[in-house]
Structures are given as C-alpha cells and as structure tokens.
Amino acid sequence: MSLSLDLLTANDRKGQHAASYYAATATRQTDQPALAGDTVCDVCVIGGGYTGLSSALHLAERGYKVVLLEANRIGWGASGRNGGQVGTGQRVDQTVLEKRHGLDQAKVLWQLGLDSMDVTMDLIQRHGIACDYAPGVLHADHRKDFVPETRDYVERLQSVYGYDKIRFIDENEMHQMVGSPAYHGGSLDMGSGHVHPLNLALGLGAAAEKAGATLHETTRVEGYEISSDGVVVTAESGTVKAKHLVLACNGYLGKLDRKTAAHVMPINNFIVASEPLSEDDAKALIRDNVAVADSKFVINYFRLSADRRMLFGGGESYGYKFPDDIRSFVRKPMCEIYPQLKDVRLDYGWGGTLAITVKRMPYFSRVAPNVLSAGGYSGHGVAMATFAGKVLAEAIDGTASRFDAFADLKLPSFPGGSNLRHPILMLAMSWFALRDKLGI
C-alpha cells in the first residue's frame, strides 16, 4: 500500500463509473457540466453519493439554493457499487448499544435506524425511483454456537423494542431458504430489503435537480476556507461561495478535513455478478429472493438481481489498490458458500471503497458552525446515508435534534495518526479474518 495513492484515481478513470453490473444496467446516464468559474449559493455540498444527493434534495425542497460538486459521476463511489442491502437499525446490534449508552439511548438509536428506512422508502415511492426494491434480509449464522444468541436477540427486538418484522430462523428452515450447508440458523428481517444501488443514487440525483439543486460532475474539490460570511470552496475550475458547507465524501474524503478523516477509515470491498440463472437455479440458491448477510467478521453478502444473477460480495482489502483479478478474488468465498457455482460464468467483478469507524456507528460532526460532515456508515449506508442527508438538511435549517443524537456519540478517532492508522487497521482486520478461518 502506498499512502501517496489517490483513492479517486487509484482504481478508476475520472468521469467513468466502475465497469460493474450496476453501471451496465443503469436507468439513466448523467452528464452534468463541470463547475466553470465562480458561483454563490446558500449551501455547497461536496460528494454525489447518497448523503450528498439526499442533502441537496432536502435542502432544495426547503428553498435553499444548493450547489453540489462531485469529482466523478453521480453515484460513482460506494453509493453506486455496494451490495444493495437496505437495513433497519444500526450497523451495531442493539445489545451492544445498550451496553455502551444505556437502554434509553439505545432505543433512540433504534428509532433513528427505523427512520432511515422510512425516509429511504418514502423517497423511492414519492419520486418514482425504479431501483428494483425487494423486501427481506436474512442474517445467517456461520457458527452453530451463534444461533442461541440470535434467537435471544430476535426475542429482545420483539419484546423490548416492539419490532414485529423480524423472526428467528432455525437450521432446517435456513437450509430450505439458502441452498448451502454453511449456515446453522439466523434471523429474517422483512422490514429490510435490497435495491439496485446505483439506480437509487441516480434517482435521488434526478429528484434533487428537479427540486432546484445544481449538480456539477467531474469537479474535484481542492479545499475550502471559512470566511467571515461563510465558506469558500475551491475546485479545479472555479469556486463556490456559500453560507453553509456539507462534507459528504465518506471514504473519499482525502485531506479535505483532517478531523473527519481521523474518524473515518476507507476500506475496499468487492462484488461479482454471475451470468443470468434459470428461475429454478436461482430459487435453489435463495428461495425467496431475500438478501443474505452472514455472521463472519469479513462478511459475505449476496442476493439475486432482478434478472436472476447471483450478486456476491466477499473479501476485503486495506490498501488503496484493488486486486488485479477481482472475479477470482471473490469466486473463492462464493464457492465456499455455494460449491455448485464453481463453474458459473462471472460476467462482472468490481470493487469499491466504503468507510468504517472504530465503533461501527456513523460519524456526524459539526466541523465548524457552518460546516457539517457525515460518513463512516461501516457497510450499513444505503438507508443510513440517505437518511443522513435529511438529518444534515434539518440541522442547517435549524432543527438539529437528530443530528445531535449522532454527534453526541463522540466516536473515537483511529489510533496511530495519519501515518500509522492504515498499518494498524490492516493488522487488526487480518487478525479478525484469521479468526473467521479458524472458527474462533
């Protein structure tokens, strides 16, 4: 790994989406002009993923003049490359949050997780976003000794949190639902679901533009300065003077804000898409067209596309460069779950960069009175990042209660400073990956 590499260009070409299944089946192509010259607005948003697009949309709907700057294309980053799972709750189990913050605050965070799903579904329906939404996420236990804990957790969500959209799945039913011997039980959450993530991002972009936001693509931001009357954002081809600034860059933040960067760590993940499968073969893999995520630390996550391809995500890397052969890299964990797919043709293989935090909770920060940042969704970002955009808009508009609920978590920064935090993360992740392999 080289820390001098640039995540915006290390694995991709400027202005082009990754050669993914999602890009090949996108419902629209964007060609927004780059920023040219100097402009003035109420709010400048940096980043054209879920957080930035949702911020721009909700702010524009409230009457703000919004300018959004994206270094590549709308939905180019993790928002257009992820596994497409749209989950309720937080990335961290409620029992963990109860230990950290107490039951009352854990319930507040649970409700915010439900709010994230409600906001996302409302946007899909209200703006007619065609993103192939399908209900259901199956959480699969890869170790038998995890199953009793899962049963207890489901009962707690039902009894303490009043959540009735989840149920326990025993080993027999698990084997009926997933055509693999790898899992021993789990839970099925029908309040969650899965989408075509790039089409969701493109739909949010179209809605933001229709609401009056100005979107600029292929506009790389070089920095910003806080002035006496707002913020001046400097890009390659112009400047934006704004009263407020939203940093919505997630794993691609770079050096734009060192405080946020110390709390949000970029890591890479990889997905393959198989050739289209017959209806019978697809049902034999995932009977009910739900998304699946397993209990490994280096998680396997998979689902069927609308045209019955197996979309399988597995494997992580912690340097900047992607593997040379992503399809072979992901085929290995895929065949550990589904040996019957060893000869299936893989039509697409791609990687993307997401961002994690130490505590695996999203990082919200008021960098300055008029500069807000959100990111670090830790693999739970489809709904949460979309929701974050609305929360940021609320805070700018003067209602910061939901923003403060996240900001008050006061997440720790990664240890080691700018030079050592990547090596330390690599060591830690490698250790947990070894534990997966050893079953400990």
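Guide: Helices (H or I, at least four residues) and strands (E, at least two) are DSSP runs, numbered from the N terminus. The model is predicted: local features need pLDDT of at least 70, side-chain atom pairs count only at pLDDT 80 or more, and totals for chains, interfaces and linings use all residues. Residues are numbered from 1 along each chain as its sequence is written, and side-chain values use heavy atoms, without hydrogens and water.

Visitor: Where is the place of Ser378?
Guide: Ser378 is not a glycine, yet its phi is positive, about 60°. Its relative accessible area is 5%, so it is buried (buried is under 20%, exposed over 50%, partly exposed in between; 1.4 Å probe, protein chains only). Ser378 sits in the loop between β17 (371-375) and α11.

Visitor: What is the phi of Arg308, although it is not a glycine?
Guide: Most residues other than glycine have a negative phi. Arg308 lies in the loop between β13 (301-304) and β14 (310-317). Arg308 is partly exposed, at 36% relative accessible area. Its phi is positive, about 65°.

Visitor: How many of the 16 residues of α11 are buried?
Guide: Helix α11 covers residues 381-396 and reaches 21 Å from first C-alpha to last, close to the expected 22 Å (expected span: 1.5 Å times one less than the number of residues). Just after α11, Gly398 has a positive phi of about 105°. The rest of the structure largely encloses α11, because the buried count is 15 of 16.

Visitor: Which residues of α2 are buried?
Guide: Helix α2 (residues 50-61) has 12 residues and reaches 16 Å, close to the 16 Å expected. Of those 12 residues, 11 are buried, so α2 is largely enclosed by the rest of the structure. The buried residues are Tyr50, Thr51, Gly52, Leu53, Ser54, Ser55, Ala56, Leu57, His58, Leu59 and Ala60.

Visitor: Which residue with a positive phi follows α2?
Guide: Look just past the end of the helix. The phi there is near 95°, and the residue is Gly63.

Visitor: How many salt bridges does a search of the whole structure find?
Guide: A salt bridge is a side-chain nitrogen of Lys or Arg within 4 Å of a carboxyl oxygen of Asp or Glu. Arg143 pairs this way with Asp145 at 2.7 Å, and Asp145 is partly exposed at 48%. Arg167 and Glu173 also meet at 2.7 Å, N to O. The search of the whole structure gives 21.

Visitor: Which residues are linked with Arg345 in a network of salt bridges?
Guide: Arg345 is partly exposed, at 45% relative accessibility. Its closest N and O contact with Asp347 is 2.5 Å. Besides Arg345, the network holds Glu275, Asp307, Arg309 and Asp347.

Visitor: Which residues form a negative surface patch?
Guide: Patch residues have over 30% relative accessible area and no salt bridge, with like charges joined within 9 Å. Glu149, in helix α5 (residues 147-159), is exposed at 56%. The patch is formed by Asp93, Glu149, Asp152 and Glu155.

Visitor: How many Å apart in space are Val232 and Arg287?
Guide: Val232 lies in strand β9 (residues 230-235). Val232 is partly exposed, with a relative accessible area of 28%. In sequence, Val232 and Arg287 are 55 residues apart. In space, C-alpha to C-alpha, they are apart by 53 Å.

Notes: Patches are made of residues with over 30% relative accessible area and no salt bridge: like charges are joined within 9 Å, nonpolar side chains (Val, Leu, Ile, Met, Phe, Trp, Tyr) within 5 Å. Accessible areas come from the Shrake-Rupley method with a 1.4 Å probe; for residues, only the protein chains shown count as cover. Lys and Arg count as positive and Asp and Glu as negative; His and the chain ends are not counted. The place of a charge is taken as NZ of Lys, CZ of Arg, CG of Asp or CD of Glu.
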